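Look at the model, then read on.

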Amino acid sequence: MSVRIDERYCKGCGICVFMCPKKVLEESEALNKKGFAVPKVAHPENCINCHICEQHCPEFAIDVLDEKKAAPSPSAAQKPQAAPKVPTSTREMKTLAPRTILLQGDEAIAEGAIAAGCKFYGGYPITPATEIAEGMSRLLPLNGGKFIQTEDEISAIGAAIGASWAGAKSMTATSGPGFSLMQENIGYAVMTETPCVIVDVQRSGPSTGQATKPAQGDAMQARFGSHGDYEIIALSPSSVQECFDLTIRAFNLSEKYRVPVIILADGEIGHLRESVRIPKKIEILNRRMPEQGISNFFGKPEQGTAAPMPAFGTGHFVHVTGSTHKEDGMRDVTTKEVHERMVKWFCDKINENKDDLVQFEEKFIEDAEILVISYGATARPALGAVQDARKSGMKVGFFRPVTIWPSPEKRLREILAKGKIKKIIVSEMALRGYFPEIERIVAGKCELVHNSKIGGEIHTKDEILTAIKEANK
Ligand code: SF4
Ligand code: SF4
């Protein structure tokens, strides 16, 4: 085995020395540039490949590699242009190696982005999303990508959109106030059919609110935050594993439909630590470039879900504008038919593909008379409360939208059409949140209870169980 400590990131905490069961690592007096004492790999021959040191290093500074099984170095095309002074090939191998690793939700989003082929991140640090920027600032240079810390969130999403048109899969991440600042450019990304991923790790608002505290108040902003007519895709992770998986899905959907895709996480999930299984194979959708000579890069394609997208500098004549434009990108802001055709296409490519987009989890639906709907972090105590209620003989079901937008309207209507559900409880960390959408879908077919909680604390299982008992009376 080869155990390597990247001294640039080590903060000398000694956790690895303490955790190693074979005393492979020892404290040392060698200081890195930041003045931290970097442990030394004193007895590599004793290493048993348990990865405990790697999993517990808070700075992701350790790589444990089986030299015999190590993957080949990335191709020359993938390598960063400026040759780094420290070994860097290990991160590429580590990122893609199947393994189970302890990660924070935000870190899993960064790892998922790299696995999905993200090559650019523009962002401004903001709690509780900062760890995504930190992760990307470390991972991107080691994977042939670029990281820019921008002066604000407007330029962050602007840079992500620009990078996408330069041919790079791109991402930005933020929270409440930053998400508000990004809204105009989300509309620009819709208008220019620009694939990019935007992460909103929701916190309490309005305005700066409770900076580090979780909330779920941005569902409607994710859907309607920009002006004009459009549809959007938003995914909500409920575990750290889903932070990884849904980030990859977000990139794939973004490429498939040429749309901005929002990951609507929350501070609780963003800061939660759990095991994440990095699978052996990850399905990645790459950018579809047009053939030379083709000039219609926008609007409904003859085939497929979006037109192929060129990159600047590849020989295509590319015109990108936020104004109403024809299929070749040229402005036409006066012809009614052009605007109508373009905007309908923005909506159709989402609305006509809901079966492909909508993802949900449901349990105990068959005999349910009460249905608990919850998503993100709140879905976890909600499921626990449903399980406890069923143990007490109550007929309660559980439904979790994973795709928040477009909403799982079709499936919820199917459940309601069976006529068994008498009451629906919506549990979320918001006073408004996602409730209006459930209200719209239910449309008076049964009683609705909004089990909302604000103030920066997630519901306890007992609080949701109390709501279920109340509904069962
Ligand atoms: S756990 Fe990581 S940061 Fe802490 S001393 Fe070891 S290598 Fe350095
Ligand atoms: S992989 Fe396990 S045995 Fe090897 S250095 Fe890390 S903690 Fe020690």
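Q: What makes up the protein chain, and how do you know the domain bounds?
A: The chain is divided into domain 1 (1-70), domain 2 (89-357) and domain 3 (360-472). The bounds come from an automatic or database domain assignment. This is a predicted model: local features need pLDDT of at least 70, side-chain atom pairs count only at pLDDT 80 or more, and totals for chains, interfaces and linings use all residues. Residues are numbered from 1 along each chain as its sequence is written, and side-chain values use heavy atoms, with hydrogens and water left out.

Q: How do you know that domain 2 and domain 3 are in contact?
A: Contact means heavy atoms within 4.5 Å. By that rule, 32 residues of domain 2 are in contact with 26 residues of domain 3.

Q: Why is helix 4 called mostly covered?
A: Buried means under 20% relative accessible area, exposed over 50%, partly exposed in between (1.4 Å probe, protein chains only). Eleven of the eleven residues of helix 4 are buried, so the helix counts as mostly covered. Among them are G105, I109 and A115.

Q: What makes the crossing of helix 4 and helix 5 right-handed?
A: A crossing is left-handed if the near helix is turned anticlockwise from the far one by less than a right angle, and right-handed if clockwise. Helix 4 passes helix 5 in the clockwise sense, so the crossing is right-handed.

Q: Which residues of helix 4 meet helix 5?
A: D106, I109, A110, E111, A113 and I114 do.

Notes:
Chains lettered and ligands numbered in written order. Helix = DSSP H or I, 4+ residues; strand = E, 2+ residues; numbered from the N terminus.
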